[in-house]
Amino acid sequence: MNIDPRALKDLLQLQMLSRSSLLSSSAASGMGDDSDFSDILNSILSSSAATYDKQAAAGGTAMSATSLNPMRPLGYTSAIPNQYAYMQKPNAVNQTGDLESLIESASRKHGVQSSLVKAVIDTESSFNSQAVSRSGAKGLMQLMDNTSKGLGVTNPFDPAQNIGGGTQYLSGLLQKYNGNRGVALAAYNAGPGRIDRLGITNDQELKSKMHLLPTETQSYVGKVLRLQRDYEA
């Protein structure tokens, strides 16, 4: 099978972009108190987003979460190239009509801000209830099979079950890390085991050890926090 050299070049460029350093901006900017954590990461994210967007415009490469979506904030553009590489189940449909009430219900039940749940869903699956990642994470909040089982989720592609289970899991991480959103999000993406092994217990420690986490996790935390702020606007 012949491969178009231009397509191969685009794929290699995307791989190189995912390795861009996100730490230079944070090192140059002064670290404030924890209330500034979101702004610091968002600043890092903005510089990375500009690079990704220029690449997309130049090469015509589709980003993983740039399709129009009625729940996404206006003007939103994905800042992460197709790292998650979602596959579609047959007849997959982006379901957004009834998600608002499911998110609000799960948020109230588990004590998590609905804006944060929306931001996680947006980042994880672009509101595609049938999304499946290369690692096998499934549904709106990209639950792994073992996580789903522990949460009592029998069908991760069911929006109600997935949102309920994913929000419960996120709530547990927020409680574990005493409400430190950055740490909870890093654990959601990289796993709490990795976070604990690094001795990260709060957002201040996360800032100082961010470079020890995968670049995907660094991008993920900043993106979710930025989207949460957008959803609250």
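This is a predicted model: local features need pLDDT of at least 70, side-chain atom pairs count only at pLDDT 80 or more; totals for chains, interfaces and linings use all residues.
Glycine 179 is partly exposed, at 47% relative accessibility. Its place is the loop between H7 and H8. The C-alpha atom of glycine 179 lies 8.5 Å from that of asparagine 202, although 23 residues separate the two along the chain.

Step back to the whole chain. The protein has 11 helices and 2 strands. Along the sequence the order is α-α-α-β-α-α-β-α-α-α-α-α-α. Of the 233 residues, 48% are buried. Take the contacts between residues at least 6 apart in sequence: 59% of them join residues at least 24 apart.

Helix H7 covers residues 159-176 and helix H8 covers residues 181-190. Their axes come within 9 Å and cross at roughly 130 degrees. H7 is therefore oblique to H8. The crossing of H7 past H8 is right-handed. H7 brings Gly166, Tyr169, Leu170, Leu173 and Leu174 to the contact, and H8 brings Arg181, Ala184, Leu185, Ala187 and Tyr188. By class, these are 8 nonpolar, 1 polar and 1 charged residues. The spacing of such positions has a simple background. An α-helix has 3.6 residues a turn, so residues three or four places apart point the same way.

H7 has another partner, helix H4, residues 99-110. H4 and H7 pack at an angle of about 35 degrees, and their axes are 9 Å apart. H4 passes H7 in a right-handed crossing. On the H4 side the contact uses Leu99, Leu102, Ile103, Ala106, Ser107 and His110. On the H7 side it uses Pro159, Ala160, Ile163, Gly164, Thr167, Gln168 and Ser171. The class count here is 7 nonpolar, 6 polar and no charged residues.

Return to H8. This helix is mostly covered, with 8 of its 10 residues buried. The buried residues are Gly182, Val183, Ala184, Leu185, Ala186, Ala187, Tyr188 and Asn189. Glycine 191 follows H8, and its phi is positive, near 100 degrees.

H8 also packs against H11. The axes of H8 and H11 come within 9 Å and cross at roughly 130 degrees. The two helices are therefore oblique to each other. Their crossing is right-handed. From H8 the contact takes Arg181, Gly182, Leu185, Ala186, Tyr188, Asn189 and Ala190. From H11 it takes Glu216, Thr217, Tyr220, Val221, Val224, Leu225 and Gln228. These residues divide into 8 nonpolar, 4 polar and 2 charged. Arg181 of H8 is named in this contact, and it is also named in the contact with H7.

Glutamine 228 is found in helix H11, which spans residues 215-232. Glutamine 228 has a relative accessible area of 1%, so it counts as buried. Where does its side chain find a polar contact? The partner is the side chain of arginine 181, at 2.6 Å. Leaving aside neighbours within four places in sequence, glutamine 228 is in contact with Gln113, Ser115, Leu116, Ala119 and Arg181. Ser115, Leu116 and Ala119 fall within the range of helix H5, residues 114-125.

Phenylalanine 127 lies in the loop between helix H5 and strand E2, residues 131-132. Phenylalanine 127 is not a glycine, yet its phi is positive, about 65 degrees. With 0% relative accessibility, phenylalanine 127 is buried.

Beyond E2 comes a second case. Glutamine 142 lies in the loop between E2 and helix H6, residues 145-151. Its phi is also positive, about 50 degrees, and glutamine 142 is not a glycine either. Is glutamine 142 buried or exposed? At a relative accessible area of 8%, glutamine 142 is buried, because buried means under 20%.

Notes:
Residues are numbered from 1 along each chain as its sequence is written. Side-chain values use heavy atoms; hydrogens and water are left out. Helices (H or I, at least four residues) and strands (E, at least two) are DSSP runs, numbered from the N terminus. Buried means under 20% relative accessible area, exposed over 50%, partly exposed in between (1.4 Å probe, protein chains only). A polar contact is a pair of N or O atoms within 3.5 Å; within protein, one must be able to donate a hydrogen and the other to accept it, and residues adjacent in sequence count only if both atoms are side-chain atoms. Contact means heavy atoms within 4.5 Å. Axes are lines fitted to C-alpha atoms, for helices over the stretch in contact, and angles run from 0 to 180 degrees between N-to-C directions. Angles under 35 degrees count as roughly parallel, over 145 as roughly antiparallel, 65 to 115 as roughly perpendicular and the rest as oblique. A crossing is left-handed if the near helix is turned anticlockwise from the far one by less than a right angle, and right-handed if clockwise. Ala, Val, Leu, Ile, Met, Phe, Trp, Tyr, Cys and Pro count as nonpolar, Asp, Glu, Lys and Arg as charged, and the others, Gly among them, as polar.
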